[in-house]
Amino acid sequence: MAGLADFWQDLFTELDMDRDGKVTPEEYKLGMTRLYQGGGAAYDRSLRPMMQAILTVVDTNGDGQISPEEFHKAQLAFGTKLEPADTDALFARIDLNHDGYLSVDELLVAVREYYTGNDEDAPGNLLFGEL
């Protein structure tokens, strides 16, 4: 929980460019692109703890990675409403090294696509369900 809370506080601080205590849609778009599109230190500093926190919650057997079964349960918990076959296909696309498990690094790639990508078919766009 602390990792998630820190992520949102750090993100808000970075995105509120005019320091008025609010993040406008324009500040969000510009800030997310500036901070995260190319990866780098800001991306890793803020999103790695968030992805580690999610992995810790989803990794029910404690092996440090997400299995297909754990991923299915997480998709149900997130309410993504993906069919099992679609969940399998999504898992396979996120599993970049094709080892049958998801790591923090693979989740980071998917989340970068979700937040800053332009490819409508990128697997990260389905990580939290269809928009």
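User: Which helix gives the largest share of the lining of the largest pocket?

Analyst: Helix 3, with 5 residues. Keep in mind that this is a predicted model. Helix 3 runs over 40–58, and both it and helix 4 (68–78) supply at least two residues of that lining. The pocket has 10 lining residues, and A53, I54, V57, V58 and F78 are the ones nearest its centre. Its volume comes to about 170 Å³.

User: What makes a residue part of that lining?

Analyst: A lining residue has an atom within 4 Å of a grid point of the pocket. By that rule the largest pocket gets its 10 residues.

User: How do the lining residues of the largest pocket divide by class?

Analyst: There are 9 nonpolar residues, 1 polar and no charged ones.

User: Which residues lie nearest the centre of the largest cavity, and which helix gives the most to its lining?

Analyst: Nearest the centre are I54, F71, F78, L107 and L127, out of 11 lining residues. Helix 4 gives the most, with 4 residues, and helix 3 also supplies at least two. By class the cavity lining has 10 nonpolar residues, 1 polar and no charged.

User: How do you know that R48 and D105 form a salt bridge?

Analyst: The rule asks for a side-chain nitrogen of Lys or Arg within 4 Å of a carboxyl oxygen of Asp or Glu. The N to O distance for R48 and D105 is 2.7 Å, which is within 4 Å, so the pair counts as a salt bridge. The pair links distant parts of the chain, with R48 in helix 3 and D105 in helix 6, 57 residues apart. By this rule the count comes to 1 salt bridge.

User: Why are R48 and D105 called partly exposed?

Analyst: Partly exposed runs between the buried cut-off of 20% and the exposed cut-off of 50%. R48 has a relative accessible area of 29%, so it falls in that range. D105, at 45%, does too.

User: What about E70: which side chain of opposite charge is nearest, and how far away?

Analyst: K73, at 7.3 Å. A salt bridge needs 4 Å or less, and 7.3 Å is over that, so E70 has none, although it is buried. E70 sits in helix 4. Leaving out residues up to four places away in sequence, E70 touches V58, D59, T60, N61 and Q65.

User: Why is M51 called buried?

Analyst: Its relative accessibility is 2%, and buried means under 20%, so M51 counts as buried. M51 is in helix 3. Setting aside neighbours within four places in sequence, M51 is in contact with V104, L107, L108 and V111. Take L107: its C-alpha is 6.6 Å from that of M51, though the two are 56 residues apart along the chain.

User: And T33: why is that residue called partly exposed?

Analyst: T33 has a relative accessible area of 36%, which lies between 20% and 50%, so it counts as partly exposed. T33 is in helix 2, residues 25–36. Its C-alpha is separated by 18 Å from that of R19, 14 residues away along the chain.

User: What makes the phi of K81 and of H98 stand out?

Analyst: Most residues other than glycine have a negative phi. K81 is not a glycine, yet its phi is positive, about 60°. H98 is not a glycine either, and its phi is about 55°. K81 lies in the loop between helix 4 and helix 5 (84–94), while H98 is in the loop between helix 5 and helix 6 (104–116).

User: How do you know whether K81 and H98 are buried or exposed?

Analyst: Exposed means over 50%. K81 has a relative accessible area of 78%, so K81 is exposed. H98, at 64%, also counts as exposed.

Terms used:
Residues numbered from 1 in each chain as written. Predicted model: local features only at pLDDT ≥ 70, side-chain atom pairs only at ≥ 80, totals over all residues. Heavy atoms only, no water. 1 Å grid on protein atoms, 1.4 Å probe; cavity = no way out; pocket = protein on both sides within 12 Å on 5 of 7 lines; lining within 4 Å. Points joined across faces, edges and corners; volume = space filled by probe spheres on them. Nonpolar A, V, L, I, M, F, W, Y, C, P; charged D, E, K, R; others polar. Buried < 20%, exposed > 50% of the residue type's maximum accessible area, 1.4 Å probe, protein only. Lys, Arg positive; Asp, Glu negative; His and termini not counted. Contact = heavy atoms within 4.5 Å.
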